[in-house]
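Here is a short briefing on one protein model. Keep the sequence and the 3D view open as you read.

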Amino acid sequence: MFKFHEIKKLHVELSSACNAACPVCPRNVQGGYDTPNIQVSTFTYDNFVKIFDSVFIQNLKQILFVGRYGDPAYCKDFVNILSYIYKHNKKVISVMHTNGGIRSPDWWAELSKFQNLTVVFSIDGLENTNHIYRRNVNWDKLINNVTSFISSGGNAIWEFLVFDHNQHQIDTAKDISSKLGFNEFKLKRPYGFNTIVNNIDAINVIDKKGIFDYAIFPADGIKNLPFESKNFKHIGHDFTKQQYMSRQRNVAAASIVDEKFDNIEIDCHAVKQKEIYVDALYNVHPCCWLAYSGQSNILPDAAEVKYNEWIKKEIGIDKINALSYSLRDILESSYFNKLKQTWSLSHKDGRFPTCTTMCGKSTNLRQQLIVEQHD
């Protein structure tokens, strides 16, 4: 499925640490306490160079710095890593996603010198609403960092998740983005309300003790079509660590058998893009959506357990680590070809729900998260 010399797009999680506590992020539980047993790790310059040699870097067209669990700004070697990349490939396009709430304005100004780098700042509202989803992000620090990066010549995009509580601020936010000098203002559907896997009408948010704090509701007309929840009354609930650990024991014993995942053709985005994902623990995956197998101690649902069990049985989790095995050896092993075989409509164990949800030809939630804008 993949050859070392064919990879054109690298997606890398530089750190699994983060200052924020977004309620849908798997590194915390519903915006409250940290997920028990999560492994926090950050790329070092030496390990980046060891894994991605100059030959590999030279072949790339794009690098995405987007974490499934963390923010790339937590990587203290980020500037040196970018210098290494552009030393060997001056044309590669790099994109960083961040909440913008960490590091100093001077650090962001230094980052702006890389003209082929675009920073996507995830800002979901204004001063009185951004923190509702981007919990723990300080607005003044965020704006100071944004201003420093852009005024120093950096290329920036404002990405706005649309919720019920911030939808009335879209036009104002767009005007502010223009005044600050953002190159683009993008709207996006939040992941977490409606998918082929679940139908929920609201995102519960808890505090650090697990006590229900508030709920976040979807915006009008910006739900994750075509998976619409039925109309029903939302009920908030507590979710303590004890309750979480009890549920995890049940999840670990669960298995997913559902024919709705097994009758949909797969059109893999990673294959089309010639893209791979490497997490902050240095594990290699076909995409960020399947990268939960790297954090195998915190899997939140049975669908993820199913894929993780497959990895352990068919490949070996240790065999996908790029510090233990070379990137070339991992990519040209049987790993990805075995995964591709699971997409067959006749595969005896059925599909992985993640593949169907994100890359199914008729259920492509990844594409549906984008909101078209019309002036």
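**Nonpolar cores**

The largest nonpolar core has 97 residues, and the members that touch the most others are Phe43, Phe52, Ile85, Met96, Leu111 and Phe121. Helix α3 (residues 78–88) gives the most to this core, with seven residues. A nonpolar core is a set of buried Ala, Val, Leu, Ile, Met, Phe, Trp, Tyr and Cys residues joined through side-chain atoms within 4.5 Å. Buried means under 20% relative accessible area, exposed means over 50%, and partly exposed lies in between (1.4 Å probe, protein chains only).

This is a predicted model, in which local features need pLDDT of at least 70 and side-chain atom pairs count only at pLDDT 80 or more, while totals for chains, interfaces and linings use all residues. Residues are numbered from 1 along each chain as its sequence is written, and side-chain values use heavy atoms, with hydrogens and water left out.

- Met96 has contacts (heavy atoms within 4.5 Å) beyond its neighbours within four places in sequence, among them Phe65, Phe78, Trp107, Trp108, Leu111 and Val119.
- Another core lies apart from the largest one. This other core has five residues, including Val29, Ile206, Phe239 and Tyr244.

**Overall make-up**

- The protein has 14 helices and ten strands. Helices (H or I, at least four residues) and strands (E, at least two) are DSSP runs, numbered from the N terminus.
- Of the 375 residues, 55% count as buried.
- The accessible surface comes to about 16,900 Å², and 48% of it belongs to carbon and sulfur atoms. Areas come from the Shrake-Rupley method with a 1.4 Å probe; for residues, only the protein chains shown count as cover.
- Take the contacts between residues at least 6 apart in sequence: 75% of them join residues at least 24 apart.

- In helix α7 (residues 170–180), the buried residues are Ile170, Ala173 and Ser177. Viewed down the axis of α7, these buried residues fall within an arc of 65°, so they line one face of the helix. The arc is taken from the directions from the helix axis to the C-beta atoms.
- Asp171, Ser178 and Lys179 are exposed on the other side of α7.
- The cover over the buried residues of α7 includes β5 (155–161) and β6 (184–188).
- Gly181 follows α7 and has a positive phi, near 100°.
- His168 sits in the loop between β5 and α7. His168 is exposed, at 59% relative accessible area.
- His168 and Ala219 are 51 residues apart in sequence, and 9.5 Å apart in space from C-alpha to C-alpha.

**Salt bridges**

- The structure holds eleven salt bridges. A salt bridge is a side-chain nitrogen of Lys or Arg within 4 Å of a carboxyl oxygen of Asp or Glu.
- Glu275 pairs with Lys9, with the closest N and O atoms 3.8 Å apart. Glu275 is in strand β9 (residues 275–278) and Lys9 in strand β1, so the pair ties together parts that are 266 residues apart in sequence. Glu275 is buried at 6% relative accessible area, and Lys9 is buried at 11%.
- Arg134 and Asp124 meet at 2.6 Å, N to O. Arg134 lies in the loop between α5 (130–133) and α6 (139–151), and Asp124 in the loop between β4 (117–122) and α5. Both Arg134 and Asp124 are buried.
- Glu159 bridges to Lys188, with the closest N and O atoms 4.0 Å apart. Glu159 is in strand β5 and Lys188 in strand β6, so the pair ties together parts 29 residues apart in sequence. Glu159 counts as buried at 11% relative accessibility, while Lys188 is partly exposed at 26%.

**Loop residues to look at**

- Asn19 lies in the loop between β1 (9–12) and α1 (45–51). Asn19 is buried, with a relative accessible area of 16%.
- The side chains of Asn19 and Asn99 make a polar contact of 3.0 Å. A polar contact is a pair of N or O atoms within 3.5 Å; within protein, one must be able to donate a hydrogen and the other to accept it, and residues adjacent in sequence count only if both atoms are side-chain atoms.
- Most residues other than glycine have a negative phi.
- Gln30 is not a glycine, yet has a positive phi of about 50°. Gln30 is in the loop between β1 and α1, and is buried at 18% relative accessible area.
- Arg103 is not a glycine either, and has a positive phi of about 70°. Arg103 is in the loop between β3 (93–98) and α4 (105–111), and counts as partly exposed at 28% relative accessibility.
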